[in-house]
Amino acid sequence: MRLFEGTEFDRPPRCEQCGELEAECKCPPPEPVYKPPHKQTARIIVEKRQRGKQVTVVRGLMAADNDLGALLTELKSHCGAGGTLRGDEIEIQGDQSQRVRDALSRRGYRVR
Ligand SMILES: [Zn+2]
């Protein structure tokens, strides 16, 4: 005998969104839950790369906690510079530390 057999709890699990059995549900997976910016601290470092090129690197913001792609897009347009994602790090070309700091603070991140 199953636990709750014959009671109102004895129901196969159903999706809360569409009401289908969970095995048959085709709802998209839930949106990732990001961590609030004010609980995260970004570190901004300007590094020298080959041929003396400078890049501004943002560390400390994890891909699991942030939409880093959206953040990269915003930083690139705010700085008017190219950039890329490397794992959990955002890189913006040139010494953009002040602009990156402004943009991150405006979003609510703590910046070190
Ligand atoms: Zn569903």
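A residue is buried if 20 or more other C-beta atoms lie within 10 Å of its own, exposed if 12 or fewer, and partly exposed in between, with C-beta atoms placed from the backbone.

Now the ground rules. This is a predicted model: local features need pLDDT of at least 70, side-chain atom pairs count only at pLDDT 80 or more, and totals for chains, interfaces and linings use all residues. Residues are numbered from 1 along each chain as its sequence is written.

Overall layout. The protein has two helices and five strands. Helices (H or I, at least four residues) and strands (E, at least two) are DSSP runs, numbered from the N terminus. From that end, the order is β-β-α-β-β-α-β.

Next, overall dimensions. The C-alpha trace spans about 75 × 25 × 25 Å along its principal axes. The radius of gyration is 22 Å, while a compact globule of 112 residues would come in near 13 Å. That radius is taken over C-alpha atoms, and the globule rule is 2.2 Å times the number of residues to the power 0.38. The domain assignment gives domain 1 (1-30) and domain 2 (37-111). Those bounds come from an automatic or database domain assignment. The C-alpha centres of the two domains lie 43 Å apart. Buried residues make up 15% of the 112.

On to helix H1, residues 68-79. How does its span compare with 1.5 Å a residue? Its twelve residues should span 16 Å, and the end C-alpha atoms are 16 Å apart, so the two agree. The expected span here is 1.5 Å times one less than the number of residues.

Which residues of H1 are buried? Leu71, Leu75 and Cys79. Viewed down the axis of H1, the buried residues fall within an arc of 55 degrees, so they line one face of the helix. The arc is that of the directions from the helix axis to the C-beta atoms. On the other side of H1, Gly69, Ala70, Thr73 and Ser77 are exposed. The buried residues of H1 pack against E3, E4 and helix H2 (97-107). Contact means that the C-beta atoms of two residues, placed from the backbone, lie within 7 Å. Just after H1, glycine 80 has a positive phi of about 60 degrees.

H2 now. Val100, Ala103 and Leu104 are buried there. They cover an arc of only 95 degrees around the axis, which puts them on the same side of H2. Gln98 and Arg106, on the other side of H2, are exposed. The cover over the buried residues of H2 includes E1, strand E2 (54-59), H1, E4 and strand E5 (110-111).

Then the hairpin. E3 (residues 83-86) and E4 (residues 89-93) pair in the antiparallel sense over four bridges. Two strands pair if DSSP finds at least two bridges between them. Threonine 84 has glutamate 91 in E4 as its bridge partner. Two residues sit between the strands, and glycine 87 in the turn has a positive phi of about 65 degrees.

Buried or exposed? Glutamate 47 counts as exposed because it has 11 C-beta neighbours inside 10 Å. Leaving out residues up to four places away in sequence, glutamate 47 touches Val55 and Val57. Its C-alpha atom is 14 Å from that of arginine 86, 39 residues apart along the chain.
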